[in-house]
Amino acid sequence: MADPEIKSYEPHHESQSAAVTESRPVRAVLMAVAFAFLGIFLVLPLIVVFNEALAKGVGAYTEALASPDTRSAIRLTLLVAAISVPLNIVFGISAAWAIAKFEFKGKAFLTTLIDLPFSVSPVISGLVYVLLFGAQGLLGAWLKAHGIAILFAVPGIVLATVFVTFPFVARELIPLMQEQGNGDEEAALSLGANGWQTFWYVTLPNVKWGLLYGVLLCNARAMGEFGAVSVVSGHIRGLTNTMPLHVEILYNEYNAVGAFAVASLLAGLALVTLVLKTLLEMRYGAEIAATRGH
Amino acid sequence: MTTAPAQAGWRFRQPSVIPGFGLTLGFSLAYLTLIILIPLSGLVWRSAALGWTDFWAIVADRRTINALEISFGTAFAAAAVNVVFGTLVAWVLVRYRFPGRRIVDAMVDLPFALPTAVAGIALTTLYAPNGWIGKLLMPLGIKVAYTPLGIVIALVFIGLPFVVRTVQPIMEEIDREVEEAAATLGASRFQIITRILFPGLAPAIVTGFSLAFARGVGEYGSVIFIAGNLPFKSEIAPLLIVIRLEEYNYPAATAIAAIMLALSFLMLLVVNLVQSWSRKRYG
């Protein structure tokens, strides 16, 4: 093919691999654009959170965090995460064991179903529980007759949180355990270990960093979930307000310091999550599922 | 082959010495059914119970149509922005070496880790007329906060990692030798990028786009603060669901949710088709 643009190859002198990279000015421009974009979209919002939280000084900041409503929101968020994360750990390990260690019909379909919550709007994740447990819901009348409160109470918040954080642990463990194969387990079993011992002393140590990675992401989402929890919570101050919901209430009351003070705790959680996640990737990259991202 | 008993045609699972299949699969299925499948089928059942006329009346309502248009339109715009800048960020992270690259790389995941409500109030404060960025845009006559443009900004924030994290690993896998070969054969850098690199990245870019788009359509927390939430102008579909719920108008909330889910799945289907087409086209 005669292409008029093909000219004789001219050697460049900027670097050894000039032929397969951009010229220095182009590189500089591309990097500047990328950094400006990241600065505006990622760094500035983060700075704003801490700047607004401390806008009226450290005293106002600590005072905002000490208010009883804020304290109860923090307690509720910790409680919800403490219930929903372990539930999803047990599910994640169990699902990964079934999917990674065995070959069975419908496996691909099951794996797809596990990812389903990621493609559902958080608001819809909350809505489905309202339709189930709400006053006009399928089980609403029965629950009311038996005096069981799920909606606008802690169980509803836990359920909505479990729904949105459902796939995190499983989708981290499944590819990791598939990659590791069954050899270690078969060896342990042939040496006389029972199933539980095999899991506890062979499989779990093999996947511990991957598991921690999944738990980290699961926990960050569990503590930060807003949409789904907002729909089922009923926003009762001091009772069913999680930290993200409390941020909304304070913000809508024009209490900027209060809202950003609580937000700064959540932003701190996000930063700690990112640091731990990066450390895990750097140190145990090989022992974490090859799939990156979410 | 071995003298194993004759393979009985259909078999639910391959034999294995590893125990615990029944227990783990049983538990997983039960948990999946209770937490995800029953509640979701409740939604389908409720919207089916509405009947076609009622369902259509709710969906064809001007306010619903507007909210859906705004949700899908802004999510599309934000995903398009992210395709451009996300690919650029991935390129810079994969190809260039600079101090602090590891930190920049880690920062890309911030939108995954930062609670959406926090992102929402931070972005609103930034882009409000008296905010750091809003103040700069004011003299130019650009209003971001409390307009659909604000929604796009929030969704760009939310969607960025989806594009970067989908494109980045594929970029890392690109064989540099192919580029070198093209260069020695006289291809210009532009030709290498458009004819060799881009075709290889196209499926990943499409996937990143669709993930960012799907997430943007359903996004709620980061949007409601910056959107201003004016019906017909900057009211997103998830917010309309919440509004209908607060009015105890369950049928309307259900119908909007059902149409949103249907449209999202339709979109994912289209994306899958585009993707298989681009795989065939570009190998």
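Q: Which residue lies over the face of A:Trp97?
A: A:Lys101 lies over that face, 5.8 Å from the ring centre of A:Trp97. A charge sits over a ring if NZ of Lys or CZ of Arg is within 6 Å of the ring centre and within 35 degrees of the ring normal.

Q: What sort of model is this, and how is it numbered?
A: The model is predicted: local features need pLDDT of at least 70, side-chain atom pairs count only at pLDDT 80 or more, and totals for chains, interfaces and linings use all residues. Residues are numbered from 1 along each chain as its sequence is written, chains are lettered from A and ligands numbered from 1 in the order in which they are written, and side-chain values use heavy atoms, leaving out hydrogens and water.

Q: How many aromatic pairs are there over all chains?
A: There are 29. Rings of Phe, Tyr and Trp (its six-membered ring) pair if their centres lie within 6.5 Å; planes under 30 degrees apart count as stacked, over 60 as edge-to-face and the rest as tilted.

Q: Why is the pair of A:Phe226 and B:Phe225 tilted?
A: The ring centres of A:Phe226 and B:Phe225 are 6.1 Å apart and the planes stand at 45°, so the pair is tilted. A:Phe226 lies in the loop between helix H10 (195-224) and helix H11 (227-233) of chain A, and B:Phe225 lies in helix H11 (residues 221-227) of chain B, so the pair joins two chains. Helices are DSSP runs (H or I, at least four residues), numbered from the N terminus.

Q: Are those two buried or exposed?
A: Both A:Phe226 and B:Phe225 are buried, where buried means under 20% relative accessible area, exposed over 50% and partly exposed in between (1.4 Å probe, protein chains only).

Q: And what about B:Phe72 and B:Phe213?
A: Their ring centres are 6.1 Å apart with planes at 70°, so this pair is edge-to-face. The pair links distant parts of the chain, with B:Phe72 in helix H3 (residues 62-95) and B:Phe213 in helix H10 (residues 189-218) of chain B, 141 residues apart.

Q: Changing topic, where is the kink in H10(A)?
A: The kink, of about 60°, is centred on A:Lys208; the bend at a residue is the angle between axes fitted to the seven residues ending there and the seven starting there.

Q: Where is A:Thr278, and what does its side chain reach?
A: A:Thr278 is in helix H13 (residues 256-284) of chain A. Its side chain reaches the backbone oxygen of A:Leu274 at 2.7 Å.

Methods
Polar contact = N/O pair within 3.5 Å; in protein donor to acceptor, adjacent residues only side chain to side chain.
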